[in-house]
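These are my notebook entries on a few places that I looked up. I ask the reader to keep the sequence and the model open alongside them.

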Amino acid sequence: MKKLVVLKHPLIDHKMSIIRDKNTPTKTFRESVGEVGALITYEMTKDLELVPKEIETPLTKMTAYQLKKDVVIIPILRAGLGMVESIHNIIPSAKIGHIGVYRDENTLEPIAYYAKFPNEIKSGVVIVVDPMLATGGSASYAIKVLKEKGATDVRFVGLVGCPEGVNRLQHEHPDVPIYLAAMDEKLNEDGYIVPGLGDCGDRLFGTK
Ligand code: PRP
Ligand code: URA
């Protein structure tokens with residue numbers, strides 16, 4: 001099952017224009033990345049399974065519905081951190097794990113430096129978040145590690161992808177649905193997405 005969803009929504013397009021603009025200040029950039037992350041997650045979670053639960057409102061008994069599985073958010077450090085808080089706000093019961101990966105500047109291959117996951121990755125819905133899906137190396141590596149640790153229901157949420165990254169992720173993890181705000185044209189010779197938004201980690205955290 002290969003699934004790619006590129007969301008089409010006026011609020012997402014509007015916020016992406018702010019995120020892509022090189023003159024957007026750090027604070028607005030960070031807020032907008034979080035907002036788009038939450039909007040994508042709202043759409044991505046619409047097929048989550050529910051279980052009935054008998055509750056009492058102040059007026060009467062009723063059957064209500066709650067999420068069947070735990071949800072785990074896994075940001076790929078650093079840039080994935082920009083989407084965690086806003087996603088956690090709409091799924092406050094979610095657990096959060098972290099995986100640290102950066103790209104080697106020359107080979108563009110992922111270099112791992114950190115991983116800490118909650119036990120719920122084995123039974124829960126695991127949302128891997130990273131704004132950028134460029135070569136796909138970082139996301140594919142993170143998902144491989146999660147699967148080795150027992151994750152079976154993994155989804156990827158990003159802001160901007162490109163054909164190279166989507167093809168690699170779909171080839172290496174065909175079971176993982178990909179949700180994006182935009183599918184861009186290509187990678188440039190330095191491995192940056194074009195038109196893209198630049199270096200997401202640097203823009204989120206004000207580094208260079
Ligand atoms: C960026 C981005 C992704 C990765 C995407 O991270 O946040 O993790 O590049 O590129 P890929 O699809 O080619 O792997 P970066 O390596 O710049 O690390 P940082 O977030 O720590 O700055
Ligand atoms: N990582 C980024 O932050 N931006 C890109 O365009 C590609 C990888």
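Which residues make a nonpolar surface patch of about 400 Å²? I found that Tyr102, Ile111, Tyr113 and Tyr114 make this patch.

I noted that the model is predicted, so that local features need pLDDT of at least 70 and side-chain atom pairs count only at pLDDT 80 or more, while totals for chains, interfaces and linings use all residues. Residues are numbered from 1 along each chain as its sequence is written, chains are lettered from A and ligands numbered from 1 in the order in which they are written, and side-chain values use heavy atoms, with hydrogens and water left out.

Entry on the patch. I recorded that patches take residues with over 30% relative accessible area and no salt bridge, nonpolar side chains (Val, Leu, Ile, Met, Phe, Trp, Tyr) being joined within 5 Å. A salt bridge is a side-chain nitrogen of Lys or Arg within 4 Å of a carboxyl oxygen of Asp or Glu. Strand S7 (residues 110-116) gives the patch its largest share, 3 residues. I placed Tyr102 in strand S6 (residues 98-103); strands are DSSP runs of E, at least two residues, and helices are runs of H or I, at least four. Tyr102 is partly exposed, because its relative accessibility is 46%.

Entry on Ser138. I located Ser138 in helix H4 (residues 137-148). Ser138 counts as buried because its relative accessibility is 13%; buried means under 20%, exposed over 50%, and partly exposed in between (1.4 Å probe, protein chains only). Leaving aside residues up to four places away in sequence, Ser138 touches Ile76, Val101, Arg103 and Pro110, contact meaning heavy atoms within 4.5 Å.

Terms used. Patch = residues over 30% accessible without salt bridge, like charges linked within 9 Å, V, L, I, M, F, W, Y side chains within 5 Å. Areas by Shrake-Rupley, 256 points an atom, 1.4 Å probe, with all protein chains shown as cover.
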